[in-house]
Amino acid sequence: MDLYMMNCELLATCSALGFLEGDTYHKEPDCLESVKDLIRYLRHEDETRDIRQQLGAAQILQNDLVPIIIQYPEDKQLFDAIIRLMVNLTQPALVCFGKLPQDASFRHHFLQIISYLQAYKEAFASEKVFGVLSEKLYDLLQLDWEQRQEEDNLLIERILLLVRNVLHVPADHDEEKNIDDDANIHDRVLWAIHISGMDDLLKFLASSQSDQQWSLHVLEIISLMFRDQNPEQLAATGQTRSAKEHGADMAELELLRQKELAERKGRILQRSSRHSHFGGCYIIQGLKSIGDRDVVLHKGLHNMKNYTHDLGKEVRRVPKRQQRAHDDAGAPRRSALSVRVFLKEFCIDFLENCYNRLMYLVKDHLIREKGQQHDETYYLWAMAFFMAFNRASSFHPQLVSETVAIRTFHFIEQSLTNYYEMMLIDKKEATSWSRRMHLALKAYQELLMTVHEMDHSQEEAVRNSSHILQNNIFYQMEYRELFLTLFRKFDERKQPRSFLKDLVETTHLFLKMLERFCKGRNNVMVQSKKIKQRKKPQSCPATSNMQPKIPEELDEMWPKLVEHLSKFTQGSESLPEDVVPFDAASEVPLEEQRADAMVRIQDSLLAGRAPEALSLLHSAREVWPEGDVFGSPSLAPDEEVELLKHIFFASLPRQAAPETYEPEEAAEEEEITEEELASVRVSEKEFSFLDYVKRFASANVVKVYTLLFKNYQQNSTHTNHCVVKMLHRIAYDLKMEALLFQLSIFCLFNQLFSDPASGAYKELVTFAKYIVGKFCALAYTNKKAYVELLFWKSAAVVREMTVGYCILQEEESSNSRKACQWTEAEEEELRELYYKYKEVEGEDVLNSILAHLRTNNRTRRQVAKQLVRLGLASSMRDFPHERRRTRIVLWTQDQEEELQRLFEEFQSTDDILGNVMRHITAKRSKARIIEKLLNMGLVSDRKELYKKHKRKPRSLGANKNVFPKDFEVPDLDEVNDEDEEEDDLDSEDEVESAWEDGGSDLCNRPLDGWTNKKGAAASDRDYQELIRSLQQEGLSGPLLWLQSCLYRTAGDREEDGCAQPVPLVPLSEENEDAMEHKGFQKLLRHVGIRAPANEQESFWRIPAKLSPEQLRQLAVSIGLQGMADETKEHPPEVLETEEPRRLIPEMEESIQLPLGPKRTHLISSNEHESDSQGSSEEDGPRPAGKRKCLRIEEED
């Protein structure tokens, strides 16, 4: 439907409103019903907002609705209906569409509605309209709350929403083209609000106690009124210019004058004395061209300085996601003088009578979540604007006392953190979250400036309040870490330069205040927080970390224990009463914890805790009185000591913690428990200002400052001062000027030196000369300094540059030598311990030696090396690593009955083993449960316990004729699933690792094209072992994904006829984890896939130099290796073919058929029936096996 052709029903409805004759509007009898019909039409408009556009094109609001409310304000029903319709028509375009449309057609409708809204705003720039609205609002506010009806409250809210919508309409700068001190449409609307008295009603609503529900509406309207205003300029309206402002203007004028003179001088130098047709031809000595000769310049000499090899090259296009964020704020504009005077008076009255109360109500609404989403942005804007106005006009801190508090700092800090997290999560709305983050930073900056102004106040009470605020701010760790975090997390693609400018200026102010606060005090104590991970409580009490002791040591310890025990047996000292001999939360039955209690008593004695051991003995005697295992209750004190002696010297069985089966749910619960156990340890420490500044001496922070330094010509004088001050702190105060020795910074210095207006940047030039001088002095002694210019440096590298590389290396080598040196006494002790424990069976020699060495700083590797060095061992292989083994636990009769019951219950399910493991009481490994089921005769083959994979019913007959009829290949998915299950089942019984597996392999021989390389057999063997190890680690799925990517790329390159690098984009979580696996990355490098070249690349890429044949060979090698491993591990079960050794050549031939990008052939073999169409009777019956299929992409 053409939007410019109005719908006939809509046209009839608009015609029934009435007509305008001169300045008089004559309404029709059906005017009210027609207005209601229009509201109904708007409720059912389509996604292009066609009704709204047609009404805007017909100018219904300007020609009908506005004259009706001006001429018929006493008709209550008609007035209410028209206000409802006007609120609907004037709502923002962003609210109509939900978000900014990306489609071109919808973007056109969006812009069209904005143009209609701008026309509506011009119609509201009338004193008559706002006069009627003000009178109606005044009459409603005069009513007491008991007299107000629900319709009255709705009308008040709609009038406020209408004013909000009108002020929200953006200005059309292209159409208006107003200059400073000229009134645009927004100024005319503000002036109409002022003349009608609406501003006084807004101040009344802000200060009224009975109209608190409109506080957020009032704050939003006020923020839109001052949208284009600058608080400092507004405060200076009507005042004479100060000498400081006059000096700043003169400095700016002088800067422009110097630039103009420099440009004029440059134009004079470009004039040549020769004829204008002869530009000249020169040779630039020392600058090589593409060949070995010098560059020939075919231009004038004045162009020689600007010559570069990049001239004439096409500018590289920057991707949209890599482009820098742009500032949304346009050029600053000054409103008409009369409007600024009225707004200044409004601000003064608002601060004196309304600010504190309104901000309190708004903050209460935000905390109680009574407002709408993102209403806190108006609160942040009002805080920054009115506090800046108060500071610039006549500073009275009591007028803004509501927001000058620690709770306000905390609120802004939390908002900044929340906005940053949402900017990372909600990437589509990252610009909006960045804008909100900027608002919060501006509010934080203005809070600091207000506190700083209070610190210089002439009133002592104000200075004391400022001192208390600063003490609380600097004491809390969160406020000190805020700026460091913002600098480290700054992203120029999401955050504009205006945000960086405010961040640098706020950091400068914070450091200035902190330095002044610390200067007059000897020591400043601040809060420090560290996250401490508490140990998870052990669920198994039998596990003990107590090292075994030799009998001689036990004999030495016992007399001391007897002496200590005698004090408690005689009753001279009391025993601890909070000792419990059993674990009530453990799943182990109480009767089976008796041995654990005995072990705990022995551990207490070995640790020297005699009172605890004696108390445990008494408690265990009460819990387990049968058999007098822990002695009878009538034991004498001497007999109790003798019983403890037997326990002390007894060799009690100590068992390791069992390796239980943990499903995914249990692992997630364990992670949540660990997070809950993490506690924050709060402490106090003495604060050092220099140590705090050192944390800014980082390459990440300096990079951010360099970004702002590049715009020194557009920056204000104060901004450039803040940048140089921070760099000066790093270079001069911290003596880390080498951190600024970077080529990009030196290029900025060169640009600054050659700037014609460099005289206006004296501070920058002085600092640049200081840094360059320091570099020249360092380069005289350190010739590598020129190479270091190419890299950003850390604090350690800066120290190496200044102190010396060899000195630090000597210090490190001396420290390492000290740590590895063995004295003669230590070597003699090592020999004795080795001879003592080398013949002990069941004990690891190195562990026993480490447990009894006098020095505790030796590692297992150091001890083994020293034994080899002393000739006590032939090599390091004599000391293999410890291998964790599963503790064998016997099955009780109840557990066997439970296992049989669970098996019968889940026998008909698809995953028998998984359901049994989830519901069994005593958790055991898969291998133990399968072994028990086989022994009990419940299953005859472990394959019956495999998880059954449901296949989609597909017809495979269409592809049977593509391959030979006797060709039978297993399904890669199924083979890999079985491989993973077999690895799971046997993982706890295997001791040999995957890297030590030997034997023949079906894929041991290299593929065609690789046999001519030197050492191809060894390389291929490593390659096969790498694939085998990845499959055993459960990466069969990613290997199949890699294989399919290689096939797809080969088909695409054959079809297109050209080759380009193709990125490997993992779309599943399993593939993403595999791309970060070191073994998988090693496989990618082995097959020739290129890693990300720089920070702009995120994915691995298949290089363009690989031909389709090479890609298919690589894919075949990955697939064949997986099936070869299955053939080797399970020859009778997985691959049941008559000629298994002929499988690989047939596969190679079949796979190398013409391939295509979007066609899939399925090689199939039926499980229990022969193929009647593809095989003859002479072939004989096929062996029974699972249904297998191999998906191979082929080319049409």
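**Ground rules**

I number residues from 1 along each chain as its sequence is written, and I work with heavy atoms for side-chain values, leaving out hydrogens and water. Since the model is predicted, I ask for pLDDT of at least 70 for local features and 80 or more for side-chain atom pairs, while totals for chains, interfaces and linings use all residues.

**Aromatic pairs**

I started with the rings and found 35 aromatic pairs in the structure. My criterion takes rings of Phe, Tyr and Trp (its six-membered ring) with centres within 6.5 Å; planes under 30 degrees apart are stacked, over 60 edge-to-face, and the rest tilted.

I looked up Trp381 and Phe386: the ring centres are 6.1 Å apart and the planes stand at 85°, so I log this pair as edge-to-face. Trp381 and Phe386 are both buried. For the record, buried is under 20% relative accessible area, exposed is over 50%, and partly exposed is in between (1.4 Å probe, protein chains only).

Next came Phe483 and Phe510, with centres 4.9 Å apart and planes at 45°, so this pair is tilted. Phe483 sits in helix 22 (residues 477-488) and Phe510 in helix 23 (residues 497-519), so the contact ties together parts 27 residues apart in sequence. Helices here are DSSP runs of H or I with at least four residues, strands are E runs with at least two, and the numbering goes from the N terminus. Phe483 is buried at a relative accessible area of 0%, and Phe510 is buried at 0% too.

Which residues form one aromatic cluster? I wrote down Phe709, Tyr712, Phe741, Phe746, Phe749, Tyr761, Phe775 and Tyr786.

**Charges over rings**

I then checked for a charge over a ring, meaning NZ of Lys or CZ of Arg within 6 Å of the ring centre and within 35 degrees of the ring normal. Arg49 has its charged end over the ring of Phe97, 5.8 Å from the centre. Lys136 lies over the face of Phe79, and I get 5.0 Å to that ring centre.

**Salt bridges**

Side chains of opposite charge can pair when their charged atoms come close. I count a side-chain nitrogen of Lys or Arg within 4 Å of a carboxyl oxygen of Asp or Glu, and the structure holds 30 such salt bridges.

I picked Asp211 and Arg148, whose closest N and O atoms are 2.8 Å apart. Asp211 lies in the loop between helix 12 (198-207) and helix 13 (215-225), and Arg148 in the loop between helix 8 (127-142) and helix 9 (150-168), so the bridge ties together parts 63 residues apart in sequence. Are they buried or exposed? Both Asp211 and Arg148 are buried.

Gln209 is in the loop between helix 12 and helix 13 as well. I have Gln209 down as exposed, at 63% relative accessibility. From Gln209 to Arg357 I get 9.2 Å, C-alpha to C-alpha, although they are 148 residues apart in sequence.

Then I went to the network of salt bridges that links Lys442, Lys501, Asp502 and Glu505. Lys501 meets Asp502 at 3.8 Å, N to O, and Lys501 also bridges to Glu505, with the closest N and O atoms 3.4 Å apart. Lys501 and Glu505 both lie in helix 23, 4 residues apart, which is about one turn of the helix. Lys501 is partly exposed at 29% relative accessibility, whereas Asp502 is buried at 5% and Glu505 is buried at 9%.

**Hairpins**

For strand pairing I require at least two DSSP bridges between two strands. Strand 1 (residues 18-21) and strand 2 (residues 24-27) pair antiparallel over 4 bridges, and Leu20 stands opposite Tyr25 in strand 2. This hairpin has 2 residues between its strands, and Gly22 in the turn has a positive phi of about 70°.

Strand 3 (residues 282-288) and strand 4 (residues 294-297) also run antiparallel, joined by 4 bridges.

**Surface patch**

Last, I looked for nonpolar patches: residues with over 30% relative accessible area and no salt bridge, nonpolar side chains (Val, Leu, Ile, Met, Phe, Trp, Tyr) joined within 5 Å, like charges within 9 Å. Leu743, Val787, Leu790 and Phe791 make one of about 380 Å²; areas are Shrake-Rupley with a 1.4 Å probe, and for residues only the protein chains shown count as cover. Phe791 is in the loop between helix 34 (785-788) and helix 35 (795-803), and I note Phe791 as partly exposed at 46%.
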